[in-house]
Amino acid sequence: MASTLPLCACLVLVFFFDKSISQTPRLLGKISAKHPGFLSLFENDPRNPQPASRYTLLAASFNGIPFSKDYVYGVPKVGTILNNLAGASAKILTESVTWPNDISGVPEYVFGPNMVAIPDGFLVPFKKKGSISILNITSDPAQGPYKISDDDGKTEWFYHKVIWKDMDKDGLFDAVTCRATGKELGGFDGQLVWFKNPGAPFFQTTWVPHVIASGPDVYLTPAALPIPDGELDTILIPGYFFRRLSVYWIEPNGTWTNPDVVKSRVIDDNFEIGPFFDVQVADVNGDGKYDLLATSSNDRNGSLIVYELPDDFRTGQFKKHVIASGFKPKGFGRGKSSPGSAYVFPSATNNTSRPSIFLSGDDNGKAYILTPTSSEPNSWDYQMTTFLEVSSGPVGSIVSADVDGDNYKEVFVSAYEKGEINVFTLKP
């Protein structure tokens with residue numbers, strides 16, 4: 001999408017084959033929300049005996065017009081309205097945000113139930129200075145947002161995604177993120193940084209930042225990656241401004257609190273690929289080993305790429321497969337690019353455990369499903385089907401879960417300029 005960077009943020013999940021799942025999503029209806037961009041599905045309480053009441057659909061809404069309002073929307077108990085979507089609309093949870101990005105539910109073990117993290121800010125006039133805030137959606141109206149991020153007060157950092165890790169082993173989960181800013185003379189700065197959790201009450205003070213590395217700018221994906229004698233704690237970085245896919249890690253006796261012992265490696269820095277948009281970890285080809293599923297996004301030849309994970313990611317070769325390319329945005333405009341994010345889900349074709357792939361076209365206004373044409377692990381051929389196309393504007397996030405407890409996943413896709421969230425089912 002022009003001027004939004006990655007719209008899609010999806011969980012790192014490895015799914016298993018289920019023959020009951022339909023190959024192509026079927027439209028159930030739409031939920032109205034002004035300028036929906038990033039979506040997420042927040043499981044409020046997995047112990048709730050009513051599956052249809054467990055999930056809240058979250059949507060970030062942003063507007064490039066200076067001084068315009070931005071919003072975070074919510075659809076509580078979204079599984080209960082699937083049979084009656086006519087006239088459905090999302091509810092404003094807060095308008096005290098500035099260009100919200102990849103909003104997400106905070107794991108219950110961090111603060112307790114029903115907390116939402118909101119990273120915000122972007123490279124648009126009067127919205128450049130972002131932050132990380134926490135919103136309590138337990139009550140009506142929601143409580144907050146409570147700003148937790150702290151910086152030097154001078155740099156206009158913006159934030160896109162937050163993950164939660166106990167970085168200093170004190171038993172409290174800290175906020176880990178990438179942040180970026182534009183330079184006055186051109187170019188960009190970026191950092192991989194964590195904010196120390198001060199403990200309860202967390203909202204009475206801002207959290208102290210600790211820089212791990214310079215360079216990472218927008219997105220990050222946590223992963224425990226295997227090595228010959230175990231696994232290592234890693235953070236994958238799809239560099240958008242710096243156009244390189246990297247991995248950061250600590251050895252078994254290392255610590256994230258000491259930047260001098262944090263190691264890193266560039267996986268791919270082919271500048272012709274363009275900005276890296278997102279990366280997920282999954283067994284893409286069904287061979288029982290992890291792969292990296294990444295997208296590169298530009299205005300002429302965006303790509304969907306798989307990197308086979310070597311036996312030791314620290315030294316081995318990442319074998320690269322471009323499984324779809326030629327993506328480009330509709331029309332012209334500064335910052336427009338395609339595609340967006342991708343993630344895997346179970347496939348019902350060819351009686352294979354190989355997953356299919358959801359892919360957002362972002363500024364080309366389409367949403368795709370890619371289905372493997374062979375069960376052979378060494379085959380990288382896919383059939384790509386468009387299951388949504390909008391007449392104008394980008395298609396943003398694609399998120400999926402079984403929100404009504406019928407054993408079939410629902411799929412939610414945002415259409416920014418249309419002001420709607422499209423709701424699909426994988427039920428035949």
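**A quick tour of one predicted chain**

Let's start in a loop. His35 sits between strand 1 (26-32) and strand 2 (36-43). Strands here are DSSP runs of E with at least two residues, helices are runs of H or I with at least four, and both are numbered from the N terminus. The phi of His35 is near 50°, which is positive, and the residue is not glycine.

Before going on, the ground rules. This is a predicted model, where local features need pLDDT of at least 70 and side-chain atom pairs need pLDDT 80 or more, while totals for chains, interfaces and linings use all residues. Residues are numbered from 1 along each chain as its sequence is written, and side-chain values use heavy atoms, with hydrogens and water left out.

How confident is the prediction, as average pLDDT over the chain? The average is 86, and 91% of the residues score at least 70. That score is the predictor's confidence in each residue, from 0 to 100. Now look at residues 1-22. There the pLDDT is below 50, yet the stretch has 98 contacts in the model beyond near neighbours in sequence. A contact means heavy atoms within 4.5 Å. Where pLDDT is low, predicted coordinates should not be read in detail.

Most residues other than glycine have a negative phi, and most peptide bonds are trans. Lys77 has a positive phi near 50°. Its place is the loop between strand 4 (71-75) and strand 5 (91-94). Next, the cis bonds. Asp140 and Pro141 are joined by a cis peptide bond, omega about 10°. Ala200 to Pro201 is cis too, with omega near -10°. Pro201 belongs to the loop between strand 12 and strand 13. Pro141 lies between strand 8 and strand 9.

In what order do its 4 strands run? The order is 6-7-8-9, the sheet is open, and the pairing is antiparallel. Two strands count as paired if DSSP finds at least two bridges between them. Strand 6 (104-105) and strand 9 (143-147) are the edges; each has a single partner strand, so one side of each lacks a neighbour in the sheet.

Inside the sheet, strand 7 (residues 115-119) meets strand 8 (residues 132-136) through 5 bridges. Pro119 stands opposite Ile132 there. Strand 8 and strand 9 share 3 bridges, again antiparallel. Ile134 has Tyr146 in strand 9 as its bridge partner. These two strands make a hairpin with 6 residues between them.

On to the aromatics. The structure holds 25 aromatic pairs. One of them is Phe111 with Trp207, edge-to-face, at 6.0 Å centre to centre and 65° between the planes. Phe111 is in helix 1 (residues 108-111), Trp207 is in the loop between strand 12 (188-195) and strand 13 (209-214), and they are 96 residues apart. Rings of Phe, Tyr and Trp (its six-membered ring) pair with centres within 6.5 Å; planes under 30 degrees apart are stacked, over 60 edge-to-face, the rest tilted.
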